[in-house]
Amino acid sequence: MGFDKKTYGDALFFLETQDNFLVTTHQNADGDAFGAALAIAYFLEKLGKRYQVVIHDDPVDPKYQFLWGWDRIVSYREMNGRHFDASIVVDVPAFKRMGDTVNLLNIPERCLKIDHHPIEDDFAHFNIIDIDASSTCNIIYELVKESRVEFDRTFAQLLLCGIMYDTGRFSFSNTKQRDFEIAAHLFSFGITPIEVSAPIFFDHSKEKLKVMGYGLSHMESCLDGKVNIIFLPREIMASSAAVDLDELANYSSSVRGGEVGIFIREMPEGDIKISFRSKGKVDVNRIARKFGGGGHIHAAGCRVVESHPVIKRKILDEVSEQLGLFV
Ligand SMILES: [Mn+2]
């Protein structure tokens with residue numbers, strides 16, 4: 001599914017004619033979320049518009065402080081009921097994924113959503129969705145390209161952050177030739193790959209590495225090794241809730257002979273967060289959606305209020321049903 005230039009034109013018209021923007025993204029913001037939100041902020045700055053980047057997370061993940069504009073992001077808690085005239089929501093497939101910042105979207109008809117996930121609920125009045133795009137930053141690249149604003153080193157840093165994060169440094173199954181074309185252009189502004197990849201992929205707190213070690217050493221194999229599960233119980237999560245542990249999901253699906261990796265976390269809030277990864281035979285988006293979440297065929301997630309053994313059983317039933325179709 002692609003879309004024509006008219007759609008970009010409509011989005012650019014919206015950006016040019018509105019002012020006092022809220023820019024927001026999903027909770028537990030990741031590299032694409034930060035890159036996309038800040039690239040939009042930078043674009044608005046170039047257009048001479050007023051804006052504020054607000055995210056649910058508190059504190060904001062310091063891992064991304066190398067990015068332009070990081071110090072301008074505020075948590076929802078710091079907002080004190082500020083009013084906005086228009087909203088731009090990036091990388092958010094479903095309303096509830098925004099966390100508390102949904103409370104700031106008071107004018108739905110002046111809400112522009114830019115995303116590369118399949119739509120789960122149609123909360124925005126105006127959508128730019130391209131599910132073929134590897135990241136939301138790809139779509140913003142195309143948008144800026146259609147505008148009167150010139151690319152520069154700052155755009156390059158922000159957009160490459162999202163593209164490199166969501167493609168796993170140009171290696172995940174979603175990676176396309178277009179990503180390399182965009183990257184080649186963006187790298188021409190003098191930024192180097194390591195400037196972006198080092199803070200995102202090669203910089204970990206000792207606390208995080210120890211939790212990852214716990215998760216890996218307690219990994220469980222099910223369905224004849226086709227499914228590998230990493231589980232972090234509440235007592236481990238209590239000390240590491242703010243740590244970005246998403247890499248453990250990738251490790252769970254990297255086990256030789258496995259088809260699906262599942263990463264289950266008992267959250268301090270009382271519910272359970274589940275991340276799915278698939279090598280391709282199993283559509284984990286389908287499974288995540290059954291439990292109120294979503295994502296892509298290869299990577300998806302959900303949050304449920306159930307006990308760990310119960311939800312594990314239900315998920316394994318879903319996976320074995322899908323694998324049965326392919327065995
Ligand atoms: Mn994304």
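Helices (H or I, at least four residues) and strands (E, at least two) are DSSP runs, numbered from the N terminus. In this predicted model, Asn 20 sits in the loop that runs between helix α1 (5-17) and strand β1 (21-24). Although Asn 20 is not a glycine, its phi is positive, at about 60 degrees. The relative accessible area of Asn 20 is 9%, and buried means under 20%, so Asn 20 counts as buried.

## Overall build

The chain holds 11 helices and 12 strands. Its radius of gyration is 20 Å, close to the 20 Å that the globule rule gives for 327 residues, so the chain is as compact as a globular protein of that length. The C-alpha trace spans about 55 × 45 × 40 Å along its principal axes.

Of the 327 residues in the chain, 56% are buried. Among the contacts with a separation of 6 or more, 65% are between residues 24 or more positions apart. The accessible surface of the chain is about 14300 Å², and carbon and sulfur atoms contribute 52% of that surface. The chain carries 37 positive and 47 negative side chains; the centres of these two sets are 2 Å apart.

## The manganese site

Which residues coordinate the manganese ion? The donors come from Asp 32 (OD), Asp 91 (OD), His 116 (NE2) and Asp 166 (OD), at 2.2 to 2.4 Å. Along the chain, these donors follow the spacing D-x58-D-x24-H-x49-D. Asp 32 belongs to helix α2 (residues 31-46), while His 116 is in the loop between β5 (111-115) and β6 (126-129), so this pair ties together parts that are 84 residues apart in sequence.

Are Asp 32 and His 116 buried or exposed? Asp 32 has a relative accessible area of 0% and is buried. His 116 is also counted as buried, at 2% relative accessibility.

## Backbone geometry

The peptide bond between Asp 58 and Pro 59 is cis, with omega at about 5 degrees. Pro 59 is placed in the loop between β2 (51-55) and β3 (73-75).

Besides Asn 20, whose positive phi is about 60 degrees, Leu 223 has a positive phi in a residue other than glycine, near 50 degrees. Leu 223 is part of the loop between β7 (220-222) and β8 (227-232). The relative accessibility of Leu 223 is 30%, and Leu 223 counts as partly exposed.

## Residues and their surroundings

Arg 82 lies in the loop between β3 and β4 (86-90). With a relative accessibility of 35%, Arg 82 is partly exposed. When neighbours within four places in sequence are left aside, Arg 82 is in contact with Asn 20, Gln 52 and Leu 104. Arg 82 and Leu 104 are 22 residues apart along the chain, and their C-alpha atoms are separated by 7.9 Å.

Arg 178 is located in helix α5 (residues 177-187). The relative accessible area of Arg 178 is 31%, and Arg 178 is partly exposed. Not counting residues up to four places away in sequence, Arg 178 touches Tyr 141, Glu 142 and Lys 145.

Ser 254 is in the loop between α9 (247-252) and β9 (260-266). At a relative accessible area of 48%, Ser 254 is partly exposed. Exposed means over 50%.

Asp 283 is in the loop between β10 (272-278) and α10 (284-290). Apart from residues up to four places away in sequence, Asp 283 touches His 296, Ile 297 and Gln 322.

The C-alpha separations for these four residues are listed below.

| Pair | Separation along the chain | C-alpha distance |
|---|---|---|
| Arg 82 and Leu 104 | 22 residues | 7.9 Å |
| Arg 178 and Ser 134 | 44 residues | 8.9 Å |
| Ser 254 and Glu 235 | 19 residues | 26 Å |
| Asp 283 and Ile 297 | 14 residues | 4.5 Å |

Technical notes. Residues numbered from 1 in each chain as written. Predicted model: local features only at pLDDT ≥ 70, side-chain atom pairs only at ≥ 80, totals over all residues. Heavy atoms only, no water. Rg over C-alpha atoms; globule rule 2.2 N^0.38 Å. Buried < 20%, exposed > 50% of the residue type's maximum accessible area, 1.4 Å probe, protein only. Contact = heavy atoms within 4.5 Å. Areas by Shrake-Rupley, 256 points an atom, 1.4 Å probe, with all protein chains shown as cover. Lys, Arg positive; Asp, Glu negative; His and termini not counted. Charge placed at Lys NZ, Arg CZ, Asp CG, Glu CD. Donors = N, O, S within 2.8 Å, 3.2 Å for Na, K, Ca; no water.
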